Amino acid sequence: MTGAIIGISLGLLIILSTAFIKSLDKSAFYGLILSGIAFLYVGFTWTDLTAGVTSGLQVIFFVLFTYYGLKTNLYVLGIGYFLHGLWDMAYPYFLSSSLLPPQYDAFCISIDFVMGFYLVAVQYRLRDKHSG
């Protein structure tokens, strides 16, 4: 439960802090976070060949997905965060979660979903603003 509270809090803190920086390229900022969080798994799992290779493959997927999101719109980045949250949920079912810090899954799932919902909402508002 603590991991989820910290994840939600950190996600909201990131969202609020970026709202005050007008010159920030928010797409690039959230894209960097999305691709960066994928690399964390490699850092935790490199001592186990199967987990390390699998984590490396998900890095490639999320870096490419992030690049596509940066070239299209925030919907894609938001979906990327949701997909990463699903990765966080599925990880313990396929690979040993003993390599990950305690409550890492709850932390990651919560921050991924908070930021994913935010990006989808922002893109939805932008779409309505430009269509109306």
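Predicted model: local features only at pLDDT ≥ 70, side-chain atom pairs only at ≥ 80, totals over all residues.

Trainee: Which helix is valine 53 in?
Mentor: Valine 53 sits in helix H3, residues 49-71.

Trainee: And which residues form a nonpolar patch on the surface with Val53?
Mentor: Leu49, Leu57, Ile60 and Leu64 form the patch together with Val53. The accessible area of the five together is about 540 Å².

Trainee: Switching to H4. Where is the kink?
Mentor: At aspartate 88, shortly before proline 92, with an angle of about 25°. Asp88 is also among the buried residues of H4, as are Trp87 and Tyr91.

Trainee: What is the reach of H4 from its first C-alpha to its last?
Mentor: H4 covers residues 74-94 and reaches 30 Å, close to the 30 Å expected for its 21 residues.

Trainee: What about the start of H4, which residue's side-chain oxygen reaches a backbone nitrogen there?
Mentor: Asparagine 73; its side-chain oxygen comes to within 2.8 Å of the backbone nitrogen of tyrosine 75.

Trainee: Now H2. Which residue caps its N-terminal end?
Mentor: Aspartate 25, with a side-chain oxygen 3.3 Å from the backbone nitrogen of serine 27.

Trainee: How far apart are the end C-alpha atoms of H2?
Mentor: They are 30 Å apart; the 20 residues, 26-45, should span 28 Å at 1.5 Å a residue, so the two agree.

Trainee: Which residues of H2 are buried?
Mentor: Tyr30, Gly31, Ile33, Leu34, Ser35, Ile37, Ala38, Tyr41 and Thr45.

Terms used: Residues numbered from 1 in each chain as written. Heavy atoms only, no water. Patch = residues over 30% accessible without salt bridge, like charges linked within 9 Å, V, L, I, M, F, W, Y side chains within 5 Å. Areas by Shrake-Rupley, 256 points an atom, 1.4 Å probe, with all protein chains shown as cover. Salt bridge = Lys/Arg side-chain N within 4 Å of Asp/Glu carboxyl O. Helix = DSSP H or I, 4+ residues; strand = E, 2+ residues; numbered from the N terminus. Expected span 1.5 Å × (residues − 1). Bend = angle between axes of the 7 residues up to and from the residue. Buried < 20%, exposed > 50% of the residue type's maximum accessible area, 1.4 Å probe, protein only. Polar contact = N/O pair within 3.5 Å; in protein donor to acceptor, adjacent residues only side chain to side chain.
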